[in-house]
Amino acid sequence: MKGCPGRPARAARGVAALCCGAALLAAGCSSTVNGQAFPAEGAGAAPRTPSATSPAPPGTSAPGTSGTATPTTPPQAATSAPDAPAGALDRLLPRPAAFPAGFADSATVLSHHNAVSASEDLAGVQRGARTRPVPCSPSAEPPQADDLAVITATNAADNTTMAVQLERVPTDLAEFGARIDGCTKVESTRFGAQSAITRTTLDVPDVADHEVVAYEQRVRSGAGEPSIEQRSTTLAAQVDDVRIFVVGMNQHGRPPSVDDLSGLLADAIDTVRAG
């Protein structure tokens, strides 16, 4: 992926698109997070480089539902402009040093526009998509600038990406967990393009004395061949009304370990609690 205008090429690698990689045949894509995109088993096609995408998941922009879209142009600005006002949650994001070795140098806080796009990529389902089951569709409106923040980083050695998303939500983590449990197999349609989302819940112990909802996600996009499959691992926790997502992805099929994600989640929880 080419570097976004106005940002170092290294940082740009940390904000490659998820949804476009997953849904080459869908339309209206504009993303910001590196994702694992490779031909689904049996597709018989060579891997394609993900493009750009758009905003968030079920009921909230929590990573947990998948979408479809055709690659278009790269996001306009993957980082906030120097004079752009920071959202209220931006200051609660973990510092770059909190990321595992190999990630810190590329850690980038996204502008609100790109954070909305990234949150949708992480969720797997784009706003405006129709889903089966219907309750698995994302909320209609994206979060406001003060209610969403995303930082993403990429390890250049293996193109592994880690992202932390903070979102202010009206419900507790138990509701989100129940939603994931009820949306383990989802079909999503947007502009005629179809995606199939499969989630497998993980048993992860509490992190920093906070309950964790954890799951692996696969998003297969495109009817027939070639089709593209993305994989990611998500850990979610909540401090008061701020839901915290730590997501790991890798283009070569192996996301960061749960231990690495848990360490980053612990730091994110502590940062939000310190507020």
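A surface patch is made of residues with over 30% relative accessible area and no salt bridge, where like charges are joined within 9 Å; a salt bridge here is a side-chain nitrogen of Lys or Arg within 4 Å of a carboxyl oxygen of Asp or Glu. In this predicted model, local features need pLDDT of at least 70, and side-chain atom pairs count only at pLDDT 80 or more. Residues are numbered from 1 along each chain as its sequence is written, and side-chain values use heavy atoms, with hydrogens and water left out.

One patch of negative charge on the surface gathers D172, E175, D206, D209 and E211. Of these, E175 lies in helix α4, residues 173-181, and it counts as partly exposed because its relative accessibility is 33%, the term covering values between buried (under 20% relative accessible area) and exposed (over 50%), with a 1.4 Å probe and protein chains only.

Strand β10, residues 242-250, is mostly covered, since nine of its nine residues are buried. Side chains in a regular strand alternate between the two faces of the sheet. In β10, V242, I244, V246, G248 and N250 point one way, while R243, F245, V247 and M249 point the other way.

| Strand | Residues | Bridges to β10 | Direction |
|---|---|---|---|
| β5 | residues 160-168 | nine bridges | antiparallel |
| β9 | residues 228-239 | eight bridges | antiparallel |

Within these pairings, V164 stands opposite V246 of β10, whereas A236 has F245 of β10 as its bridge partner. The hairpin of β9 and β10 has two residues between the strands, and D240 in this hairpin takes a positive phi near 55°.

Note on methods
Helix = DSSP H or I, 4+ residues; strand = E, 2+ residues; numbered from the N terminus. Pairing = 2+ DSSP bridges. Patch = residues over 30% accessible without salt bridge, like charges linked within 9 Å, V, L, I, M, F, W, Y side chains within 5 Å. Areas by Shrake-Rupley, 256 points an atom, 1.4 Å probe, with all protein chains shown as cover. Lys, Arg positive; Asp, Glu negative; His and termini not counted. Charge placed at Lys NZ, Arg CZ, Asp CG, Glu CD.
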